[in-house]
Amino acid sequence: MTHTDISFEFFPPKTALGMDNLLQTAQSLAATSPTYFSVTFGAAGSAQTHTPDTVFNIQENTSISTAPHISCVAAEKEMIKTLLEKYIHKNISRLVVLRGDVPAHTSTQQHHFQFASELVQFIREETNNHFHIAVACYPEFHPQTTDLKHSLFHFKEKVDAGANAAITQYFYNTDAYFRFRDSCEKVAIHIPIIPGIMPILNYEKLTAFSKACGAEIPRWLLYRLESYQHDHAAFSAFSEEVIYTLCETLLKGGVPGLHFYTLNKAEPSIKILDQLGLVSSIY
């Protein structure tokens, strides 16, 4: 099997206890020798301090390269410049650059950067090639997109602006990923497109989150999860089997890596990687 980059995504905790728990999670996942960790940005730019502090804590405690997410929302150029300087000073070498969700009471016209491509370009102009930049992409559809060609055009803009790699929204239909990858090749998008993997931990949270972010849960999967939701053991066993099969199919299809949305938990991702033979069992 060729080398597969493995990465894990966290969200910034809101309490000191949450930070302690996250650092334990990160240390457990560091034992799998991931390529990097990433830390999400708060809604509407609310995590301008939470995200950097979390990134610095994780990288200092694990020695694993940790990538902060940077969003267009509520981002002023001077704020971004200051943030980039802080990251460079702290030896941060990776970024995940996103447009972010525009709050309901505002519009993109109220921000310096309307699209992630503009923010990528600005970061390149300010820092040249210091950062490895990952951007988002959507094998199914971005929730605000109705035209696939238009969506590909925006993705290509991010690539042309200087993105090094892309991380997909999570999905449970591998055909969607492979079709999307083929479409990208036809428009000369050649950067690595890394599948985002969402372990299934809770039926209600998954369905609510998927509805909010536009990720599709296939009908067969939805019905099976619903039927098992009151039987914890059966639900867990079935969910692990689904994610294992998803990852196995993707790896056989030649994906460059797997990016796990951890929800700040280590065990579900480690179990899958262990079953795939990508890490030695550390239990």
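Modeller: Let us begin with α4, which has twelve residues and reaches 16 Å from its first C-alpha to its last, close to the 16 Å expected at 1.5 Å a residue. Helices here are DSSP runs (H or I, at least four residues), strands are E runs of at least two, and both are numbered from the N terminus; the expected span is 1.5 Å times one less than the number of residues. This is a predicted model, in which local features need pLDDT of at least 70, side-chain atom pairs count only at pLDDT 80 or more, and totals for chains, interfaces and linings use all residues. Residues are numbered from 1 along each chain as its sequence is written, and side-chain values use heavy atoms, with hydrogens and water left out.

Colleague: Which residue with a positive phi follows α4?

Modeller: The phi is near 55°, and the residue that follows α4 with this positive value is Asn128.

Colleague: How do the buried residues of α3 fall when seen down its axis?

Modeller: Buried means under 20% relative accessible area, exposed over 50%, and partly exposed in between, with a 1.4 Å probe and protein chains only. In α3 the buried residues are Ile80, Leu83, Leu84 and Tyr87. Taking directions from the helix axis to the C-beta atoms, these residues line one face of α3, because they fall within an arc of 100°.

Colleague: Which exposed residues does the face of α3 turned away from its buried side carry?

Modeller: Helix α3 covers residues 77-89, and its face turned away from the buried side carries the exposed residues Glu78, Glu85 and His89.
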